[in-house]
Amino acid sequence: MNVVELIRKKRSGAELSAEELSYFIEGYTKGEIPDYQVSAFLMAVFFRGMSKSELGTWTRQMLHSGEVLDLSDIPGHKVDKHSTGGIGDKISLILAPLAVAAGLKVPMISGRGLGHTGGTLDKLESIPGFDVNLSIPVYRKQLAELGCTLIGQTGQIAPADKKLYALRDVTGTVECIPLIASSIMSKKLAEGIDALILDVKVGSGAFMKNAEDAQRLAETMIEIGKEMGTPTRALMTDMNQPLGQAIGNAVEVAESIETLRGNGPKDVEDITVALVQEMLDLAGMADDKTDAMLREKLRDGSALKIFRDIVEAQGGDVATIDDPSLLPQPKNRTFYKAKSAGYIRFENVAGLGFAALELGAGRRKKEDDIDPAVGLLCLVRHGQKVEVGDHLFEILYNDPSTLSPCEKRLANAIVVQDDEPKPLPLIYKKLT
Ligand code: URA
């Protein structure tokens with residue numbers, strides 16, 4: 001088969017056969033098709049989309065590009081959650097231990113930062129020593145013993161997605177429904193889960209900027225889950241302001257620990273509880289007392305203890321969980337202040353992700369290192385009234401030359417306006 005022909009075919013909008021798509025995924029996974037040809041193909045998909053049958057084949061090929069785990073010998077309901085990515089989205093760090101505290105098993109395979117959004121793996125790695133690269137036997141053992149593993153994609157699990165994800169991040173091909181849906185579903189279905197809840201973000205900080213696109217993405221993934229026999233639901237949640245205050249890596253871990261202590265931001269706690277409630281419902285374990293029970297597990301320290309056990313099992317320094325001030329800290333801190341009085345509205349939440357990226361909290365190229373200590377604290381909420389000089393952000397930085405580009409991004413991301421904006425819902429819709 002000729003790869004250039006396949007690229008041309010997709011570019012012209014024709015449908016590729018199952019054989020052609022399988023050839024493409026297999027060739028790329030084995031390193032036989034180079035990045036530049038795959039980049040061109042991805043851009044063609046970005047503009048032309050994929051038919052239902054193309055998407056089914058593409059996802060199945062990605063899923064079977066590696067091992068598909070069978071966890072049926074491990075007792076319990078194995079349910080996971082995946083977010084389509086947002087700013088300040090640290091929900092996985094709180095949700096996984098909370099779901100375990102409520103009786104579920106959570107085999108979670110997460111990703112790194114993508115585009116302007118942060119990644120769970122990068123956040124976890126800001127805990128000194130935390131190892132996200134467990135072998136499959138260790139993954140299984142920890143899941144059986146502690147009820148949860150928090151790992152990255154190994155070379156064995158959906159390796160095609162691992163390669164494509166990193167390539168899409170640096171070729172402007174992330175915000176594409178078939179590519180996002182196949183990426184998420186291939187790695188999640190490879191985990192060996194019984195059910196899946198998706199947190200599909202909507203708004204200026206999400207890949208899907210409007211509710212129609214977000215709903216199409218959610219429905220596409222639910223359909224894939226159904227076809228593959230894994231019950232899948234989605235909550236469409238707001239990303240027109242950051243989740244919580246912290247945006248970065250260590251700073252988001254610290255906020256997650258606060259939430260696990262029952263003292264976290266209300267939006268972070270509410271979304272986490274809503275998602276775990278859905279996970280329990282998928283397992284047939286939810287009732288009208290579930291919400292209160294989950295909040296109690298945050299207040300009484302049981303979810304925090306599970307998080308600490310996971311950190312310990314994966315080689316992380318548990319002293320940082322007991323005292324988050326031991327997490328990597330920046331050399332410098334400064335405030336970004338309001339230049340006028342009025343009401344806060346976030347014009348471009350993705351810009352906050354790019355502001356954190358300017359400081360070194362994310363990657364521009366796939367080989368870049370992340371600075372775990374830097375980031376932002378967003379000190380205001382949508383619709384809040386501020387006066388001139390009020391602190392809008394705290395900037396946590398190491399390299400002084402990153403400060404001015406970060407501030408420029410912040411200036412373009414937030415508006416102080418005269419009229420009070422309409423309140424934003426936290427959860428737009430549930431899709432089953
Ligand atoms: N999360 C993923 O795992 N893949 C995507 O493509 C986007 C978000």
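This is a predicted model: local features need pLDDT of at least 70, side-chain atom pairs count only at pLDDT 80 or more; totals for chains, interfaces and linings use all residues.
**View 1. Residues surrounding the ligand.** The shell around the ligand is formed by His82, Thr84, Leu114, Tyr165, Arg168, Ile180, Ser183, Ile184 and Lys187. By residue class, this shell comprises 4 nonpolar, 3 polar and 2 charged residues.

**View 2. Polar side-chain atoms facing ligand oxygen atoms.** In the side chain of Lys187, an N or O atom is 2.6 Å from an oxygen atom of the ligand. For Arg168, the distance from a polar side-chain atom to a ligand oxygen atom is 2.8 Å. His82 likewise places a polar side-chain atom 3.1 Å from an oxygen atom of the ligand. On its own the ligand has 230 Å² of accessible area, of which the protein covers 97%.

View 3. The ligand takes up the space of the largest cavity. Helix 9 supplies the largest share of the shell, with 4 residues.

**View 4. Domains of the chain.** The domain assignment divides the chain into domain 1 (3-49), domain 2 (79-322) and domain 3 (328-417). Taken over C-alpha atoms, the centres of domain 1 and domain 3 are separated by 38 Å.

Definitions and conventions. Residues are numbered from 1 along each chain as its sequence is written. Side-chain values use heavy atoms; hydrogens and water are left out. A residue is near a molecule or strand if one of its heavy atoms lies within 4 Å of it. A polar contact is a pair of N or O atoms within 3.5 Å; within protein, one must be able to donate a hydrogen and the other to accept it, and residues adjacent in sequence count only if both atoms are side-chain atoms. Accessible areas come from the Shrake-Rupley method with a 1.4 Å probe; for residues, only the protein chains shown count as cover. On a 1 Å grid over the protein atoms alone, a cavity is a set of points where a 1.4 Å probe fits but cannot get out, and a pocket is an open set with protein on both sides within 12 Å along at least five of seven lines; lining residues have an atom within 4 Å of a point. A molecule sits in a cavity or pocket if more than half of its atoms lie within 2 Å of its grid points. Helices (H or I, at least four residues) and strands (E, at least two) are DSSP runs, numbered from the N terminus. Ala, Val, Leu, Ile, Met, Phe, Trp, Tyr, Cys and Pro count as nonpolar, Asp, Glu, Lys and Arg as charged, and the others, Gly among them, as polar. Domain bounds come from an automatic or database domain assignment.
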